[in-house]
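Take a moment to find your way around the fold, and then read on.

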Amino acid sequence: MVAVKITKALVETWLAPREKTSYKGDFGHVLLIGGNASMGGAIQMAAQAAVYGGSGLTTVASDASNKASLHSALPEAMFVDWDDDEALLVALEKCEVLAIGSGMGRDPENWKRLKSLFEQVTPRVVIIDGDALFFYRQSLDRDERLFTASQVILTPHIGEWRTLSEGKIDPNDVIRVKAWVDSHHVILVLKGTPTCVFAPKQADYLENTTGNPGQAIGGMGDTLVGTIAALSAQISDAYYGAAAGVFLHSAAADQVYEKQYVVVPTVLAHQLPFTMKQLIIR
């Protein structure tokens, strides 16, 4: 198995320039679920990255206490109270890409209620991150399948990977990591240095070539999820959408890092459209 480097040239083959007649419906509808009353910033950072990464429409489902701050920082995003089952189900039915987990917390009753709604819909792509990975691991223990008809992307850091693999698979053992991916039928974005992307039925895997130490700060994973969601909304194959999101997220971080010692996640999000214009769209 070979590591294929994710490069600018490769991403250009996945992300086509926008046609002059383009409209928002051409670039997907992203729904992000997360942000309990204590962690509203996490889902806000994910939403910023989704909007600035080019999602045609972006909706946030979160605790009602986060509505004012989200609209103040990001008026481009729509908002749904995640305790309103009827409104949330409508949002789930409309979205093409669902990203869940940023700042969600681990309230089992909240997850049980959300899961009952998920069972009624099948978005084209589902991205599972953060606290949602904890519940995803529980579903594996119970031999349950979530979003079986979707392209599912998992985005664990090394600690979360240990939980997913029950501490049995070294993240550097790419053969066994790929076997796990094949057996669970998911796309895996394994965050690290470098971040690697694995997918079922792929002989090789993709390895990121961008990134810097300034990214070692809280919130970076939330902006990555939003970026992956935005690119997965614009690229039909979620494997390439995930890889393009990983590359562009860190490429934007590299440009910020040229002038700043620390790459602040909200600054990275605002850099995304400039990076995409400079590196991809000519």
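This is a predicted model: local features need pLDDT of at least 70, side-chain atom pairs count only at pLDDT 80 or more; totals for chains, interfaces and linings use all residues.

Residues are numbered from 1 along each chain as its sequence is written, and side-chain values use heavy atoms, with hydrogens and water left out.

**The largest pocket**

- The largest pocket has a volume of about 620 Å³; a pocket is an open set of points on a 1 Å grid over the protein atoms alone, with protein on both sides within 12 Å along at least five of seven lines.
- Its lining numbers 26 residues, and the closest to the centre are Lys191, Gly192, Thr195, Gln215 and Met220; a lining residue has an atom within 4 Å of a point.
- Helices H9 (220-234) and H10 (238-257) each supply at least two lining residues, and H9 gives the largest share, four residues; helices (H or I, at least four residues) and strands (E, at least two) are DSSP runs numbered from the N terminus.
- By class, seven residues of this lining are nonpolar, 15 are polar and four are charged; Ala, Val, Leu, Ile, Met, Phe, Trp, Tyr, Cys and Pro count as nonpolar, Asp, Glu, Lys and Arg as charged, and the others, Gly among them, as polar.

**The cavity**

- One cavity of 30 Å³ or more turns up in a search of the whole structure; a cavity is a set of grid points where a 1.4 Å probe fits but cannot get out.
- The largest cavity holds about 40 Å³ of space, and the volume is the space filled by probe spheres set on the points, which are joined across faces, edges and corners.

**Helix H11**

- H11 bends by about 40° at glutamine 271, and proline 273 follows within four residues; the bend is the angle between axes fitted to the seven residues ending there and the seven starting there.
- The buried residues of H11 pack against helix H1 (8-14), H2, H9 and H10.

**Alanine 252**

- Alanine 252 sits in helix H10 and counts as buried because its relative accessibility is 0%; buried means under 20% relative accessible area, exposed over 50%, and partly exposed in between (1.4 Å probe, protein chains only).
- Leaving aside neighbours within four places in sequence, alanine 252 is in contact with Leu268, Gln271, Leu272 and Thr275, where contact means heavy atoms within 4.5 Å.
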